[in-house]
Amino acid sequence: MSDGSLSRIDRNLLRLLQQKARISYAELARQVGLTTTPCKERVKRLEREDYIRGYHADLNPAKLGKGLVVFVQITLVRTAGNAFAEFTDAIQDVPEVEECHLVAGNFDYLIKARVKDMSAYREFLGGSLMQLPGVQESTSYPVMEEAPANRAIRL
């Protein structure tokens, strides 16, 4: 099933689940105009077909001692051969990294990292990030304030 073949009900299910993943099947069914069993079957199908990859809790980073977000541009020494694979394999083991994107442009990767504070960031940068395979240089952008974001995918 491709994106174009999602029914109106499937799109509504996805929209509602993005807003409140812990909604009961009965309430979800009521809101999309189905009975509970067909609603549950549709959700299970959407999970099987990988439209729904998981359900997550939205945690408070400040309460967990991870209040500082830093975006980091990474440039690799080389981009031929297996340089990208070596870097992406290694970065998966770095717990501070929330997101890592290979990008087109003047640098190779854009990383979103979350740490306690600037001291922890300096340690992360020198002790983990710059030691990854093939890293030539980095440019950092500490976030001063996070604006509320809509993380839902528009359907």
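**Note on helix packing and an aromatic cluster**

1. The axes of helix 2 and helix 3 cross at roughly 95° and come within 8 Å of each other, where an axis is a line fitted to C-alpha atoms, for helices over the stretch in contact, and angles run from 0 to 180 degrees between N-to-C directions. The two helices are therefore roughly perpendicular to each other, a label given to angles of 65 to 115 degrees, while angles under 35 count as roughly parallel, those over 145 as roughly antiparallel and the rest as oblique. Helices (H or I, at least four residues) and strands (E, at least two) are DSSP runs, numbered from the N terminus.

2. This is a predicted model, in which local features need pLDDT of at least 70 and side-chain atom pairs count only at pLDDT 80 or more, whereas totals for chains, interfaces and linings use all residues. Residues are numbered from 1 along each chain as its sequence is written, and side-chain values use heavy atoms, with hydrogens and water left out.

3. Which residues make the contact between helix 2 and helix 3? From helix 2 come Tyr-25, Ala-26, Leu-28 and Ala-29, and from helix 3 come Thr-36, Cys-39, Lys-40, Val-43 and Lys-44, contact being defined as heavy atoms within 4.5 Å.

4. Helix 3 (residues 36-48) has 13 residues, and from its first C-alpha to its last it reaches 18 Å, close to the 18 Å expected at 1.5 Å a residue; the expected span is 1.5 Å times one less than the number of residues. Its buried residues are Cys-39, Val-43, Arg-45 and Leu-46, where buried means under 20% relative accessible area, exposed over 50% and partly exposed in between (1.4 Å probe, protein chains only). Seen down the axis of helix 3, these buried residues fall within an arc of 160°, so they line one face of the helix, the arc being that of the directions from the helix axis to the C-beta atoms. On the other side of helix 3, Thr-37, Glu-41 and Arg-48 are exposed.

5. What do the buried residues of helix 3 pack against? They pack against helix 1 (8-19) and helix 2 (25-32). Helix 1 and helix 3 have their axes 11 Å apart and pack at an angle of about 80°, and they are therefore roughly perpendicular to each other. In this contact Ile-9, Asp-10, Leu-13, Leu-14 and Leu-17 of helix 1 meet Cys-39, Arg-42, Val-43, Arg-45 and Leu-46 of helix 3.

6. In helix 2 the buried residues are Leu-28, Ala-29 and Val-32. Viewed down the axis of helix 2, they fall within an arc of 100°, so they line one face of the helix, and what covers them includes helix 1 and helix 3.

7. Two backbone details deserve a look at the ends of these helices. Just after helix 2, Gly-33 takes a positive phi of about 85°. Asp-50, found in the loop between helix 3 and strand 1 (68-76), has a positive phi of about 70° although it is not a glycine.

8. Elsewhere in the chain, helix 4 has Ala-83, Phe-87, Ala-90 and Ile-91 as its buried residues. Seen down the axis of helix 4, they fall within an arc of 95°, so they line one face of the helix. These residues pack against strand 1, strand 2 (97-102), strand 3 and strand 4 (135-142).

9. The structure holds 3 aromatic pairs; rings of Phe, Tyr and Trp (its six-membered ring) pair if their centres lie within 6.5 Å, and planes under 30 degrees apart count as stacked, over 60 as edge-to-face and the rest as tilted. The rings of Phe-84 and Tyr-109 have their centres 6.0 Å apart and their planes at 75°, so this pair is edge-to-face. Phe-84 lies in helix 4 (residues 83-91) and Tyr-109 in strand 3 (residues 109-115), so the pair ties together parts that are 25 residues apart in sequence. Phe-84 is partly exposed at 27% relative accessible area, whereas Tyr-109, at 1%, counts as buried.

10. Phe-87 and Tyr-109 form a tilted aromatic pair, 4.3 Å centre to centre with 35° between the planes. This pair too links distant parts of the chain, with Phe-87 in helix 4 and Tyr-109 in strand 3, 22 residues apart. Both Phe-87 and Tyr-109 are buried, and ring pairs link Phe-84, Phe-87 and Tyr-109 into a cluster.
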